[in-house]
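The sequence and structure come first.

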Amino acid sequence: MSEMTRVALDAMGGDNAPGEMIKGAVEAVQKRKDIKILLTGREEVLRQGLSAYTYPREQIEIVNASEVIKTAEPPVAAIRSKKDSSIVVALKLVKRGEADAFVSAGNSGAVLAGGQILVGKIKGVERAPLAPLIPTAKGAALLIDCGANVDARPSHLVQFAQMGSIYMEHIVGRKNPKVGIVNIGAEEEKGNALVKETFPLLKACRNINFVGSVEARDIPSGAVDVVVCEAFVGNVILKLYEGVGGTLIRKVKDGMMTSLRSKVGALLVKPALKATLKDFDASEYGGAPLLGLKGLVVKTHGNSTSTEVCTSIIQCVTFREQQISGKIQEAIQAAGE
C-alpha cells in the first residue's frame, strides 16, 4: 500500500457541518485506502455522527476542538482568540507536520488568514492565491486568484501565473498549459493599470506559456488553462459562473417537463445530458487550494455537500504525491535569481 496522506478536516465549518463533513470523510476512506482523516471538532458530536456509518476505523481519527469560528466573525481576531477552534487545531496539525493537508468549508477569511499565519508562505512567495478549478469545454481551467488578494500588484500576478502553471501541469496533467490574463479585450494596450503593467512582465516570463489576454466570454470555451486575475475580478467571475451554470441547468430541466413530447425526449437524451451536466458541475473538481504555502490548505464552498468534501480530500493525495509546494518553491526561487 502506498504511503498514507493525512488530511485534517475541519468538521465544524460550513453550512452543512458537521453532517456533510462527516459523510464526506466516510466516503473518502471508503474509496481510498491511502488516506487518513483527522476530524477536528467537538468530540462527542463527531463520535455520534460517525456512529451512523460503517467505515475502516483506523482511517478516521477524531481530534477534539472545543470552539467553532462562525461565518460572520472577523478572521484574524478569531484565529488569534479561538486557539481551540476546529480551524486552528487542524491548521496546527499541518504546521507541526502531523497532517499533510487541511480542508475546510468554514469561514473563508479565517481559513485564508490562518493558512498564511499558522502554516506560513513559502520563502519568496509574495502572496498566496486561492485557485479553484472551473469547468470548461476542454475539461477545466484554473482561476487564480478568486478571493485571497483583492489589491494585488503586477509581481503578484506573475507569481500567480507561475504557480498556476505548475498546478495545472502536475495536478491536472496539462502539459505546457496556456496562461491568459483577464482583460476587456484581446489587444495588449487594453485594460486597467494593473493589467497594462502586468502584461509585459508575463510576456517576459520564461517559465510559463503566456498567450495574452483572455476575455471573460472565452473562459468557458477553454481558451486558456490558467486564468490570471486579482481576487475581486476572480471572485466575480467565479460567482457569475456558478450562478449562470445553476440557472441554465434548472431551465433545461424545466423545459424538458413542459409537454408529453418533451418528457419522452428527455428520457432519450437523459444519459448523454447527465454526463454533460456532470462535466460542468463545479463540485466534481473539489475545493480551491491556497497555493504558495508550506503545506496544503484547501477551501471548499460554504454550502459543500459530502461529494465536494470527499473530492477535496482525495485531491490532497495527488497534491502530496506530486510535491507541488516543493515545485512552486523551486520555480519562485529560480525566477528570483
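**Briefing**

Lys82 sits in the loop between helix 3 (75-81) and helix 4 (86-95); helices (H or I, at least four residues) and strands (E, at least two) are DSSP runs, numbered from the N terminus. This is a predicted model, in which local features need pLDDT of at least 70, side-chain atom pairs count only at pLDDT 80 or more, and totals for chains, interfaces and linings use all residues. Residues are numbered from 1 along each chain as its sequence is written, and side-chain values use heavy atoms, with hydrogens and water left out.

**Lys82**

- A polar atom of the Lys82 side chain lies 2.8 Å from the backbone oxygen of Val68.
- Not counting residues up to four places away in sequence, Lys82 touches Glu67, Val68, Ile69, Glu73 and Val88, where contact means heavy atoms within 4.5 Å.

**Ala8**

- Ala8 belongs to strand 1.
- With a relative accessibility of 0%, Ala8 counts as buried (buried means under 20% relative accessible area, exposed over 50%, partly exposed in between, with a 1.4 Å probe and protein chains only).
- Ala8 and Ala90 are separated by 82 residues in sequence, while their C-alpha atoms are 5.4 Å apart in space.
- Leaving aside neighbours within four places in sequence, Ala8 is in contact with Leu38, Ala90, Leu93, Ala99, Ala101, Phe102 and Val103.

**Helix 1 with helix 10**

- Two packed helices are described by the angle between their axes and the distance between the axes.
- Helix 1 (residues 19-31) and helix 10 (residues 306-321) have axes that come within 8 Å and cross at roughly 50°; axes are lines fitted to C-alpha atoms, for helices over the stretch in contact, and angles run from 0 to 180 degrees between N-to-C directions.
- Helix 1 is therefore oblique to helix 10 (angles under 35 degrees count as roughly parallel, over 145 as roughly antiparallel, 65 to 115 as roughly perpendicular and the rest as oblique).
- On the helix 1 side, the contact is made by Glu20, Met21, Lys23, Gly24, Ala25, Glu27, Ala28 and Lys31, which meet Ser306, Thr307, Val309, Cys310, Ile313 and Ile314 in helix 10.
- The residues of this contact of helix 1 with helix 10 divide into seven nonpolar, three polar and four charged; Ala, Val, Leu, Ile, Met, Phe, Trp, Tyr, Cys and Pro count as nonpolar, Asp, Glu, Lys and Arg as charged, and the others, Gly among them, as polar.

**Helix 6 with helix 10**

- Helix 6 (residues 154-172) packs against helix 10 at an angle of about 105°, with the axes 10 Å apart.
- That angle makes helix 6 roughly perpendicular to helix 10.
- Tyr167, His170 and Ile171 in helix 6 meet Gln315, Thr318 and Phe319 in helix 10.
- The contact of helix 6 with helix 10 has three nonpolar, three polar and no charged residues.

**Backbone geometry**

- Most residues other than glycine have a negative phi, and most peptide bonds are trans.
- The Ala17 to Pro18 peptide bond is cis, with omega near -5°, and Pro18 is in the loop between strand 1 (5-10) and helix 1.
- Ile144 and Asp145 are joined by a cis peptide bond with omega about 20°; Asp145 is in the loop between strand 6 (139-144) and helix 6.
- Asn176, not a glycine, has a positive phi of about 45°, and lies in the loop between helix 6 and strand 7 (178-182).
- Asn176 is exposed, with a relative accessible area of 54%.
- Gln323 has a positive phi near 50°, and is placed in the loop between helix 10 and helix 11 (324-336).
- Gln323 is exposed, at a relative accessible area of 56%.

Notes. A polar contact is a pair of N or O atoms within 3.5 Å; within protein, one must be able to donate a hydrogen and the other to accept it, and residues adjacent in sequence count only if both atoms are side-chain atoms.
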